[in-house]
Amino acid sequence: MTSGAVENGRSYNALWWAKVQSAGPLQVSPDTPAVAGLTRAAEPDGESVWMLPTLPDGAGHSVLEELGTPPVAVEQPNETARVLAICVTCCWPDRSGPAWPGVVGTLTQIKAVYADLRGRPEQSSDLTLIIGSLRRLHATSWLIWNEKAGEVRLGPRVVAWGPSQLTGLRELCRILPDPPTAVLTPRGPLDPEPDPLPSEDASPASSAAAEGDS
């Protein structure tokens, strides 16, 4: 069987479905051939795409479980769902369009909205709950959490939200407190590689002195 026949046939599709169901959404090269029943979500830089199951709008819990895409991480579901909602509010400013890929949000924004939602000043225990939820949501691809930078993006699983879910999320974002303006970690220029060649303006005297020392 030729590679083209495999890629376009049931064996190829079954292989990718097995991968996605066991490992969750997969980040692959943009030139990876399409797979029947899997949605492709392109990263903003165009360097990669995510592959995940295409879900029917309004799919129930049993369908999500069968496809290996539970609604939220099961550990502390209420707290985790609250943090996911806050991240959607921070990372989806243009709610007239799709949620993916959204924009980068920050831990500072999340903490501010969390405290405002609870109706009290920030508490030290809030950070522990928030970080735990962010880690769970990152592990299940609902969010992309950069813990070192304290920055978060919506994960590829949000691509599976259908019209009914997005309508509900728009209403939820409308009633949640507005986040403060994001202050992102600056991305400095890369350090230049050292020049392995001697400088052309090195004086003859310096070269002679170096030879004499050797």
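**View 1. Asn146 of β5 faces its bridge partner in β6.** In this predicted model, Asn146 has Glu151 of β6 as its bridge partner. Strands β5 and β6 pair in the antiparallel sense, over four bridges. Together they form a hairpin, with four residues between the strands. Gly150 sits in the turn and has a positive phi of about 70 degrees.

**View 2. β5 has a covered face and an uncovered face.** Leu143 and Trp145 make up the covered face of β5. Ile144 and Asn146 make up the uncovered one. In a regular strand, side chains alternate between the two faces of the sheet.

**View 3. Ser141 has a positive phi in the loop between α6 and β5.** Ser141 lies in the loop that links α6 to β5. Its phi is near 65 degrees, a positive value in a residue other than glycine. Most residues other than glycine have a negative phi. Ser141 has 12% relative accessibility, under the 20% cut-off, so Ser141 counts as buried.

**View 4. Helix α4 is largely enclosed.** Helix α4 covers residues 77-91. Of its 15 residues, 11 are buried, so the rest of the structure largely encloses the helix. Among the buried residues are Glu79, Val83, Leu84, Ile86 and Val88. Cys87, Cys90 and Cys91 are buried too. The cover includes helices α5 (107-118), α6 (124-139) and α7 (163-175). It also includes strands β4 (105-106), β5 (143-146) and β6 (151-154). The length of α4 fits its residue count: at 1.5 Å a residue, the helix should span 21 Å, and its end C-alpha atoms are 21 Å apart.

View 5. The bond from Trp100 to Pro101 is cis, with omega near 0 degrees. Most peptide bonds are trans. Pro101 is placed in the loop between α4 and β4.

**View 6. Three strands form an open antiparallel sheet.** The strand order is β1-β3-β2, and the pairing is antiparallel. β1 (26-28) and β2 (38-42) are the edge strands, each pairing on one side only. Neighbouring strands of this sheet are turned by 30 degrees against each other on average, direction ignored. Strands of a sheet pair through backbone hydrogen bonds. Five bridges join β2 to β3 (residues 49-53). In one of them, Ala41 has Trp50 of β3 as its partner.

Terms used. Residues are numbered from 1 along each chain as its sequence is written. This is a predicted model: local features need pLDDT of at least 70, side-chain atom pairs count only at pLDDT 80 or more; totals for chains, interfaces and linings use all residues. Side-chain values use heavy atoms; hydrogens and water are left out. Helices (H or I, at least four residues) and strands (E, at least two) are DSSP runs, numbered from the N terminus. The expected span of a helix is 1.5 Å times one less than its number of residues. Buried means under 20% relative accessible area, exposed over 50%, partly exposed in between (1.4 Å probe, protein chains only). Contact means heavy atoms within 4.5 Å. Two strands pair if DSSP finds at least two bridges between them. Axes are lines fitted to C-alpha atoms, for helices over the stretch in contact, and angles run from 0 to 180 degrees between N-to-C directions.
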